[in-house]
Amino acid sequence: MRILLMGVSGSGKSTLGPMLAEALAVPFADADAFHPPANIEKMSRGEALTDADRTPWLMALGAWLAAQPQGGVIGCSALKRAYRDLLRAAVPGLRLIFLSGSPELIAARQAARPGHFMPASLMASQFATLEPPAPEEGALTLDIAQPPEALLRAALILPQAN
């Protein structure tokens, strides 16, 4: 099983992702580790990435996930459907888990992450860009107000791709 754990920065992808990967006995990758230095520098300055900035990054993520013979979990914002479509093109049968939460909860989480290259000032742009998965995308939507252990239990019942 190949899973995309998606949501805005601070939604819990880096917390739930390793837990889910361990439970499934597959590798986990955090999409942040795939950003080229130019993207990190741009975000560190408080500038939102463009689609042109994101495309090579998304292609690298898709290539990594497709190359995992036993499956894998990747935590990536994948805020737009077009981004998820790029990943699905690289990874047929990709399953989506959308970590959904209020701007207030996300702001509180981001405030607790000093030193992360994604400043809290970009949160509004993340929510403005977010296109929640459409029903035909078959995403499992999880409310991040729940504790990580509850989210893990819900994620483990994710149906297999057709």
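Modeller: We begin with the naming of elements: helices (H or I, at least four residues) and strands (E, at least two) are DSSP runs, numbered from the N terminus. In these terms, G93 is placed in the loop between helix 4 and strand 4. This is a predicted model, in which local features need pLDDT of at least 70 and side-chain atom pairs count only at pLDDT 80 or more, while totals for chains, interfaces and linings use all residues. Residues are numbered from 1 along each chain as its sequence is written, and side-chain values use heavy atoms, with hydrogens and water left out.

Colleague: Is G93 buried, partly exposed or exposed?

Modeller: Buried means under 20% relative accessible area, exposed over 50%, and partly exposed in between (1.4 Å probe, protein chains only). Because its relative accessible area is 38%, G93 is partly exposed. G93 and Q70 are 23 residues apart in sequence, and their C-alpha atoms are 13 Å apart in space.

Colleague: How does one describe the packing of helix 3 and helix 4?

Modeller: Two packed helices are described by the angle between their axes and the distance between the axes. Axes are lines fitted to C-alpha atoms, for helices over the stretch in contact, and angles run from 0 to 180 degrees between N-to-C directions. Helix 3 (residues 51-66) and helix 4 (residues 81-90) have axes 8 Å apart, at an angle of about 30°. Helix 3 is therefore roughly parallel to helix 4, since angles under 35 degrees count as roughly parallel, over 145 as roughly antiparallel, 65 to 115 as roughly perpendicular and the rest as oblique.

Colleague: Which hand does the crossing of helix 3 and helix 4 have, left or right?

Modeller: A crossing is left-handed if the near helix is turned anticlockwise from the far one by less than a right angle, and right-handed if clockwise. The crossing of helix 3 and helix 4 is right-handed. Contact means heavy atoms within 4.5 Å. Helix 3 contributes D51, R54, T55, L58, L61, G62 and A66 to the contact, and helix 4 contributes Y83, L86, L87 and A90. These residues divide into seven nonpolar, two polar and two charged; Ala, Val, Leu, Ile, Met, Phe, Trp, Tyr, Cys and Pro count as nonpolar, Asp, Glu, Lys and Arg as charged, and the others, Gly among them, as polar.

Colleague: How do helix 1 and helix 7 cross?

Modeller: The axes of helix 1 (residues 13-24) and helix 7 (residues 148-155) come within 10 Å and cross at roughly 45°. That angle makes helix 1 oblique to helix 7, and the crossing is right-handed. From helix 1, T15, L16, M19, L20 and A23 meet P148, E149, L151, L152 and A155 of helix 7. The contact residues comprise eight nonpolar, one polar and one charged.

Colleague: Which residues of helix 7 are buried, and what covers them?

Modeller: A150, L151, L152 and A155 are buried in helix 7. Their cover includes helix 1, strand 4 (95-100) and strand 5. L142 lies in strand 5 (residues 140-143) and, at 6% relative accessible area, is buried. Leaving aside residues up to four places away in sequence, L142 touches several residues, including L16, L151 and A155.

Colleague: How many aromatic pairs are there?

Modeller: A pair of aromatic rings is described by the distance of the centres and the angle of the planes. Rings of Phe, Tyr and Trp (its six-membered ring) pair if their centres lie within 6.5 Å; planes under 30 degrees apart count as stacked, over 60 as edge-to-face and the rest as tilted. The count here is one aromatic pair. It is formed by F34 and W64, edge-to-face, at 6.3 Å centre to centre with 70° between the planes. The pair links distant parts of the chain, 30 residues apart: F34 is in the loop between strand 2 (28-30) and helix 2 (37-44), and W64 is in helix 3. F34 is partly exposed, with a relative accessible area of 25%.

Colleague: What is the phi of A25, and what is that of A78?

Modeller: Most residues other than glycine have a negative phi. A25 has a positive phi of about 60°, and A78 has a positive phi near 40°. A25 lies in the loop between helix 1 and strand 2, whereas A78 is in the loop between strand 3 (72-75) and helix 4. A25 is exposed at 66% relative accessible area, but A78 is buried at 0%.
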